[in-house]
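Here is a walk through one predicted model, chain by chain. Have the sequence and the coordinates open side by side as you read.

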Amino acid sequence: MLTKRIIPCLDVDQGKVVKGVNFVNLRNAGDPVELASFYNEQGADELVFLDITASSDGRNTMVDVVQRVSKEVFIPLTVGGGIRSVNDVRVMLESGADKVSFNTAAVADPDLIKRSANHFGNQCIVVAVDARRIEAESKFSAQDQSGFHINPDISIKNSSEWEVFIYGGRKRTGIDAIKWIQLVTQLGAGELLVTSMDSDGMQNGYDINLLNEISKKVSVPVIASGGAGNLDHLCDAIIEGNADAVLAASIFHFGKYTIKQAKQHMHEKGIPIRL
Amino acid sequence: MPRKNIRIGIIDYAASNLRSVEKAFTHIGAEVIVSSNAKELTNADALVFPGQGSNDSAMQGLAKASLIQPIKEFVNNDRPFLGICMGLQLLMESSEEGNEPCLGIFEGNVKRFSGQMKIPHMGWNKVKIIRKHPIFKDLPDNPYFYFVHSYYADPLEKTIILSTTNYGDEFVSAIASDNLIAVQFHPEKSGSIGLDVYRNFLQFAEANI
């Protein structure tokens, strides 16, 4: 039976891991290679590296990070942040990434998903969606701040429940998140990384309704992100939200739980897991 | 430890993410050449045949590099050979994924997963070893490996099956016949157990050059 996956997410700025690196037993806590090895040994099923480097001249350091990590750590690596073209995808895959994730660039140019999937296969194209629940009154003032041309078919309507945000959650798009994920999977996304902006950072659990709505609509794997505060939250995302994988950052980075503890707990709840 | 001078040739036919396979073999101390040149490849002690992408583009890539005949000869001469993922599927006769005939080393074809399961089959799944083989030496019972694929090989000759895996139905996840081994999963993405499989292949190749 295919197991559910636990995926730690590492934020990388100028080649250094930046969030929650207070493991006492690491020599150089900000070193991506050392942290990736650490999670691999604990039993992480995959790793996600998110490049949060603001300046474009810092981008090449991510290529170097991916090259170094993939020489030492032999589990799947997904790289996101600042990937804007088919050539960017190529560079990352050749450096050792197994998948790349698009976010803002997919909204700016949805066809980029199709071109990339045609070149490299759907299995290595992830679309990351930052979704926020729409307040009743804002439906009527739904405003696209993205500056991109948005297909009216996927725009927010009165029945819409979640809106897609881009630029790290800073800008609205006026796009209905449920319609968006259907479009991107048609275009060739092989996996969805779904972050609830309402839940992210709150540690009160993932947005189960959002996950469920999305899982119902697509046949590609869904990774839940945003909101994990304890081990039951991981189980809820899978059992109630029908997610295929759970991504978490702070509960692992700050040493609240180990991956091993998380897996043991999920196993006890009857979730198929690689122990 | 493998003898230092055993040389692994990785077949480069522009249809795979072969860098990770190369990195994994390099990591365990093998001497590796990556090439699309038949002569260079057949001079190696053992061949590794990775693969990703679609059936037709893979077969066209092999034809373009004039590699179809040399690969068949290498296998027919019973030299050590390891197929990975698409490199297992292409050993069959034909594939539901495309129109190009495959290498036809084994009878049978390649089928698409059907039913309610999500496609691709992506993630860690259990490999049920049904026949003992050196490639699985010293592994735990029913080990987990990482899979990414939408199609699977269905060989007619059941005696070549080494392992099966469940995804809706049971499918063939590894085969072996003489000095040829082929696996549907990705050892280079399966952590330390995956590296053990590559170490086992090095030892197997060394013993069967």
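## Parallel strands in chain A

In chain A, strand β9 (residues 191–196) and β10(A) run parallel and are joined by four bridges. Strands and helices here are DSSP runs numbered from the N terminus (E, at least two residues, for strands; H or I, at least four, for helices). Two strands count as paired if DSSP finds at least two bridges between them. A:V194 has A:A224 in β10(A) as its bridge partner. Right-handed means that, with the strands pointing away from the viewer, the path from the first strand over the helix to the second runs clockwise.

Strand β10 (residues 222–225) of chain A is covered on both faces: A:V222 and A:A224 are buried on one side, A:I223 and A:S225 on the other. Buried means 20 or more other C-beta atoms within 10 Å of the residue's own, exposed means 12 or fewer, and partly exposed is in between, with C-beta atoms placed from the backbone. In a regular strand the side chains alternate between the two faces of the sheet.

β10(A) also pairs in the parallel sense with strand β11 (residues 245–248) of chain A, over two bridges, and A:I223 stands opposite A:A245 there. The chain gets from β10(A) to β11(A) through helix α8 (residues 231–239) of chain A, in a crossover that is right-handed.

A word on bookkeeping: residues are numbered from 1 along each chain as its sequence is written, while chains are lettered from A and ligands numbered from 1 in the order in which they are written. Since the model is predicted, local features need pLDDT of at least 70 and side-chain atom pairs count only at pLDDT 80 or more, while totals for chains, interfaces and linings use all residues.

## A helix pair and a buried aspartate

Helix α6 (residues 177–187) of chain A packs against helix α7 (residues 208–217) of chain A at an angle of about 35°, with the axes 10 Å apart. Axes are lines fitted to C-alpha atoms, for helices over the stretch in contact, and angles run from 0 to 180 degrees between N-to-C directions. On the α6(A) side A:I178, A:I181 and A:Q182 meet A:E213, A:I214 and A:K217 of α7(A); contact means C-beta atoms, placed from the backbone, within 7 Å. The buried residues of α6(A) are A:A177, A:I178, A:W180, A:I181, A:V184, A:T185 and A:L187. After the helix comes A:G188, with a positive phi near 125°.

A:D176 sits in strand β8 (residues 171–176) of chain A. Why does A:D176 count as buried? Because A:D176 has 24 C-beta neighbours inside 10 Å. Leaving out residues up to four places away in sequence, A:D176 touches A:I154, A:S155, A:I156, A:K157 and A:S160.

## Sheets in chain B

Eight strands of chain B make an open, mixed sheet in the order β2-β1-β3-β4-β13-β12-β11-β8. β2 (31–35) and β8 of chain B are at the edges with a single partner strand each, so one side of each has no neighbour in the sheet. α1(B) packs on this sheet, touching β1, β2, β3 (46–49) and β4 (81–84) of chain B, and its direction makes about 165° with that of β2(B).

Another open sheet, also mixed, has three strands in the order β5-β6-β10 (chain B). Here are some of the pairings in chain B:

| Strands | Sense | Bridges | Example pair |
|---|---|---|---|
| β1(B), β2(B) | parallel | five | B:R7, B:E31 |
| β8(B), β11(B) | antiparallel | two | B:I129, B:S163 |
| β11(B), β12(B) | antiparallel | six | B:Y167, B:D169 |
| β6(B), β10(B) | antiparallel | five | B:N109, B:D154 |

The hairpin of β11(B) and β12(B) has one residue between the strands, and B:G168 takes a positive phi near 80°.

## Where the chains meet

How many residues of chain B are in contact with chain A? There are 27, against 22 residues of chain A. β7(B) gives the most to the chain B side, with six residues.

Notes:
Two residues are in contact if their C-beta atoms, placed from the backbone, lie within 7 Å.
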